[in-house]
Amino acid sequence: MQHLGSKTMETPRLLLRPFRVEDAPAMFRNWAADPVVMEFVTRPLYPTEEAVRGLLERWAADVPNPAVYRWAIVLKELGEPIGSIAAIPEERTDSAEFGWCIGKSWWGRGIMPETAAAVFAFLFDEVGMNRLEARHDTRNTRSGRVMQKLGMTLEGVLRRAGRSNAGISDVAVYSLLRSEYLARGGRSGLLTTGSRAVPGTDGADN
Amino acid sequence: MQQLGTKTIETHRLILRPFRVEDAPAMFRNWASDPIVTEYLTWSPHTSEQATAELLETWAKETAENPFYFQWAIELKSIGEPIGSISAMHVNEKVESCELGWCIGTPWWGQGIMPEAGAAVIAYLFDKVGLNRVAAKHDTRNPKSGRVMQKLGMTLEGVMRQEGHSNAGVGDIALYSILRSEYLERGGALIPEKSCGAVIFAERWGERFYLVERMQKGHSSLCKGHVEGNETEAETAIREIREETALEVQLFDGFRESIRYSPFPGSVKTVVFFLAQAARMETAAQPEEVKEILWLSEIDALRALTYDSDREILRKAAAFLRQQDSQKGV
């Protein structure tokens, strides 16, 4: 595993790039202060633009660190961030655990699968990771559907093991292994499991 | 949650207590230097007693300073030295959870010592510390560890593929847990034990005499012993009576009483008593356990028995016999 940091990437609809302090107004407006978006997020709500700016200052300071993987999800047609995706690496097992969220105006359009597919491909192909993991509060089935679309395998449900803004809950654990990713033909195979192709992402390796 | 830290807990065979720097020679000799013990662990076997002592110094410091640090030495009473360790790691105050980790020297594998230690620690974490979830995980190539989790009544939640790394390399990790609600539903009986025995009596000179055993350990009790294999309760009682007293008995129909108590945290013992009549009063005590066998009147037997629970059973048996007498018009 060779850490490469949050490299800027493009997909058909999205630009994935490191956060900047200037993203504060869009992040505040688009998701960070929305209790519906933040319901199942472990981080607290950011009630003011100032609070968001404080967070982004810390995130911006992390950008030069090659072991930090956190991207702003910029919708090209809008030209501003509508969500975030991050992976926390675990050196000892060449693995990483994901977290993501996106403003509710953009829910249900396949944006999270499109984002995660690009990030997964980067982490498997370029960084050399072996295992990518994502977890969700079992009450948040929407998030589970994204994991299924990405071809991840449900490994188990950890009972009363998580706490989000919605309280203590059961946590579903999904993962995708490098061997499975390669068996499905790498990045072009990520979103084409069965009939679950996501509109706008066919041939995602632009 | 209570910030209790590592407090001493006693079980049948074990004393679970904080480590001391003086444990270094025993820890090094009994498990920490053994590559078989560390095969599925993340740390390398210690190469010197000095290295063990240095680690123990950091543990002693943590134990003294951190009220959420839980690391017990598993001391075997019969040898008076530690043979392994058990700890509660990753204490998460937000969800009131932790993860257990343990290891024990190979001479003591397969004797039920880890379930005994684990039950006591889980009971402590739920009852005293106030946790809600206790997890444990093992490399799937190490099923021995999984069996301990199963014996403790933990539930397999999933297998995290290629998520583990140990001295055996990358491995799949099985994850188990037990919730406070499950622990309470089982009445704290993580490792249930069961014994069976009988109130034994004989008739002489128109009087009834009851059998009381004076045990080598110092107390006096009714005849009973652990259930072995697939025995029925009655089979256990008859076998134990034969082994401890050399009496051949018939069990009475219609009498079965049981008592339950907790011999140590996390364990609940059930003892089932039948009623048995001995035709003869000649006995032979099993010397390893029983010092002396006494035939006593009801009043003397009640006086001789050490535990109230045994006295209660004897009273019920005597009352049962009197009722039988009155039905027969004796």
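Tutor: Start with one rule. Two residues count as in contact when their C-beta atoms, placed from the backbone, lie within 7 Å. Keep in mind that this is a predicted model.

Student: Which residues is B:Ile122 in contact with, leaving aside its neighbours within four places in sequence?

Tutor: There are B:Val134, B:Leu152 and B:Ile178, and also B:Tyr183, B:Leu190 and B:Gly266. B:Ile122 also belongs to the largest nonpolar core.

Student: What makes a set of residues a nonpolar core?

Tutor: The residues must be buried, come from a list of nonpolar types, and be joined through C-beta atoms within 7 Å. The largest such core has 111 residues. Those with the most contacts inside it include A:Ile73, A:Phe120, B:Val121 and B:Ile122. A second core is separate and has 29 residues, among them B:Cys196, B:Phe209, B:Val212 and B:Ala237.

Student: Why is B:Ile241 called buried?

Tutor: The cut-off is 20 or more other C-beta atoms within 10 Å. B:Ile241 has 26, so the residue counts as buried.

Student: Where is B:Ile241 found, and what does B:Ile241 touch?

Tutor: B:Ile241 sits in helix α6 of chain B, residues 233-245. Beyond four places in sequence, B:Ile241 touches B:Ala198, B:Ile200, B:Cys223, B:Leu247, B:Val249 and B:Ala276. As for B:Lys224, 17 residues in sequence separate it from B:Ile241, while the C-alpha atoms are 7.1 Å apart in space.

Student: How do you know that helix α1 of chain A is largely enclosed?

Tutor: Count the buried residues. Seven of the nine residues in α1 (24-32) of chain A are buried, so the helix is largely enclosed by the rest of the structure. The buried ones are A:Ala24, A:Ala26, A:Met27, A:Phe28, A:Asn30, A:Trp31 and A:Ala32. Their cover includes α2 (35-38), α3 (49-62), β4 (80-90) and β5 (95-102) of chain A.

Student: What makes chain A as compact as a globular protein of that length?

Tutor: First, the parts: chain A has six helices and eight strands. In sequence order they run β-β-α-α-α-β-β-β-α-β-α-β-β-α. The radius of gyration is 16 Å, close to the 17 Å that the globule rule gives for 206 residues, so chain A is as compact as a globular protein of that length. Its C-alpha atoms fill a box of roughly 45 × 40 × 35 Å along the principal axes. Buried residues make up 42% of chain A.

Student: What share of the contacts in chain A join residues at least 24 apart?

Tutor: The share is 68%, among contacts between residues at least 6 apart in sequence.

Student: What are the domains of chain B?

Tutor: Domain 1 covers 9-185 and domain 2 covers 193-328. Their centres, over C-alpha atoms, are 39 Å apart. The contact takes nine residues from domain 1 of chain B and five from domain 2 of chain B. On the domain 1 side, α3(B) gives the most, with five residues. That side divides into six nonpolar, two polar and one charged.

Terms used: Residues numbered from 1 in each chain as written. Chains lettered and ligands numbered in written order. Predicted model: local features only at pLDDT ≥ 70, side-chain atom pairs only at ≥ 80, totals over all residues. Domains from an automatic or database assignment. Helix = DSSP H or I, 4+ residues; strand = E, 2+ residues; numbered from the N terminus. Nonpolar A, V, L, I, M, F, W, Y, C, P; charged D, E, K, R; others polar. Buried ≥ 20, exposed ≤ 12 C-beta atoms within 10 Å, placed from the backbone. Rg over C-alpha atoms; globule rule 2.2 N^0.38 Å.
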